[in-house]
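Biologist: I'm new to reading models like this. Could you bring it up and walk me through some features?

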Amino acid sequence: MDFEHSARARGLQERLDAFLARDVAPHEEAYHRELLAREDPWVVLPVIEELKAKARAEGLWNLFLPGGPEVGGQTQGAGLSNVEYAPLAERMGRSLIASEVCNCNAPDTGNMEVLLHFGSPEQHKRWLEPLLAGEIRSAFCMTEPDVASSDATNMQATATLDGDEVVLNGRKWWSTGVGHPNCGVIIFMGLTDPQADRYHQHSMVLVPRDTLGVKVERMLSTMGFDDAPGGHGEVSFTDVRLPASAIVGGPGQAFAIAQARLGPGRVHHCMRLIGLAELALELACRRATERLAFGRPLANLGGNRERIADARIAIDQARLHVLHAAWLIDTQSGVGGQSVLGAVSQIKVAVPNMAQRVVDMAMQLHGGAGLSDDFPLGAAWTVARALRLADGPDEVHRGVIARLELARYGQGKWGSK
Ligand SMILES: Cc1cc2nc3c(=O)[nH]c(=O)nc-3n(C[C@H](O)[C@H](O)[C@H](O)COP(=O)(O)OP(=O)(O)OC[C@H]3O[C@@H](n4cnc5c(N)ncnc54)[C@H](O)[C@@H]3O)c2cc1C
């Protein structure tokens, strides 16, 4: 077993480190302060577009796309494996803007993967190419306020076929990215055929954001953060009429696509959270050695050394876990394959819980400052906490892990559910 990254991956890590330190980090705090101070934070500040242009020119763009597929006559991304991408996503995860700057941000990466794998040539031209170019952004509308949405087969909003058109009705919420001024397309999941079997009732439809009948009713906050300019919206769809060619992969395919889409998205979130936890630990260590209480550095008080050691252990364990899942995706049957299902669910439980605990420890070591917006810890904690729900709650992933584990031993004497 070789724990060393390839020469190509190491080269990209060095280039990304240099870019993030030289070009992104100096702008980060001012960027957030400016957005917070604005009456209207739903804007793209010019610095983001400037940094995107630099990242693209330096080849630090669309790094998340495994294998470097060809779209629009051009090879996209750097042709990396998931194992090679993991440390790059980790580096971007230390920052709250770097992923967008490098066109590697949620929910666009998952949406681009949907279009890449399931989209028609026409859908590639209209939506995938501008997304890959960072010209537009996107949202994914699956979750609904009125039904338990951790079960993807529950969705009630409708996508009804009417001749050569499809008509959408219903209400979605937690639609991340829908508030972004550049959001051009929404992937909508709706019920098409209630008579079909449970896993073939729903369709995914590509909805231009400015279509008649699409209305953002309100923007939600997450633990008080508006997450502007991306943000999460509650969106109503009222008699939204589109050509049937806007359906991705054909009617009834939404469940299969959702399973595939959420795979890469989940893994990317975990990779980024390792970076966020590293940032929190670094801040904790700096604070613990620079600040004195009772005549001693905070690090030397109470159980703080043990807490710092436990955080290091937890981060390193989680990183190895994520790299193993990435390696399984690279070497087995891809994210949608059964063989990696359990591994992806395992990291989806382990990593957000780990990051939440590490950030919480860092907040406590910072005292009152840790809860203020002088430090990014409140925002980091909220990201980690939210990811215990977004892309499926912990409990649902634990259910998958337990099912696979129990299946190894058959039904047993009394069977199992
Ligand atoms: C910040 C954020 C961003 C999000 N972004 C998006 C997005 O872009 N697009 C989108 O469509 N959705 C998004 N979501 C929604 C998210 O995916 C859902 O909230 C999640 O899937 C849970 O669905 P629900 O809220 O309806 O909870 P419910 O389905 O009502 O579940 C509530 C709770 O019930 C329990 N539970 C449910 N099922 C089980 C089970 N099988 N076993 C044990 N306990 C169980 C769990 O404790 C669970 O948390 C986002 C959420 C957040 C917080």
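Modeller: Helices (H or I, at least four residues) and strands (E, at least two) are DSSP runs, numbered from the N terminus. This is a predicted model, where local features need pLDDT of at least 70 and side-chain atom pairs count only at pLDDT 80 or more, while totals for chains, interfaces and linings use all residues. Residues are numbered from 1 along each chain as its sequence is written, and side-chain values use heavy atoms, leaving out hydrogens and water.

Biologist: Where is D391, and is D391 buried or exposed?

Modeller: Buried means under 20% relative accessible area, exposed over 50%, and partly exposed in between (1.4 Å probe, protein chains only). D391 sits in the loop between α10 (377–386) and α11 (394–407). At 18% relative accessibility, D391 counts as buried. Its phi is positive, about 65°, although D391 is not a glycine. M223, also not a glycine, has a positive phi of about 50°. M223 lies in the loop between β8 and β9 and is exposed, at 57%.

Biologist: What is the omega of the peptide bond from A228 to P229?

Modeller: Omega is near 0° there, and the bond is cis. P229 belongs to the loop between β8 (214–220) and β9 (232–243). Another cis bond joins A106 and P107, with omega about 0°; P107 is in the loop between α4 and α5 (108–118).

Biologist: How far apart are the end C-alpha atoms of helix α1?

Modeller: The expected span of a helix is 1.5 Å times one less than its number of residues. Helix α1 (residues 7–37) has 31 residues, so it should span 45 Å; its end C-alpha atoms are 43 Å apart, which agrees. There is a kink of about 50° at V24, shortly before the proline P26. A bend is the angle between axes fitted to the seven residues ending at a residue and the seven starting there. Buried residues of α1 include L12, L16, F19 and V24.

Biologist: How many aromatic pairs are there?

Modeller: Rings of Phe, Tyr and Trp (its six-membered ring) pair if their centres lie within 6.5 Å; planes under 30 degrees apart are stacked, over 60 edge-to-face, and the rest tilted. The whole structure has 3 aromatic pairs. In one of them, the Y199 and F255 ring centres are 4.7 Å apart with planes at 55°, so that pair is tilted. It links distant parts of the chain: Y199 lies in the loop between β6 (183–191) and β7 (202–208), and F255 in helix α7 (residues 254–290), 56 residues apart. Y199 is partly exposed, at 38%, whereas F255 is buried, at 17%.
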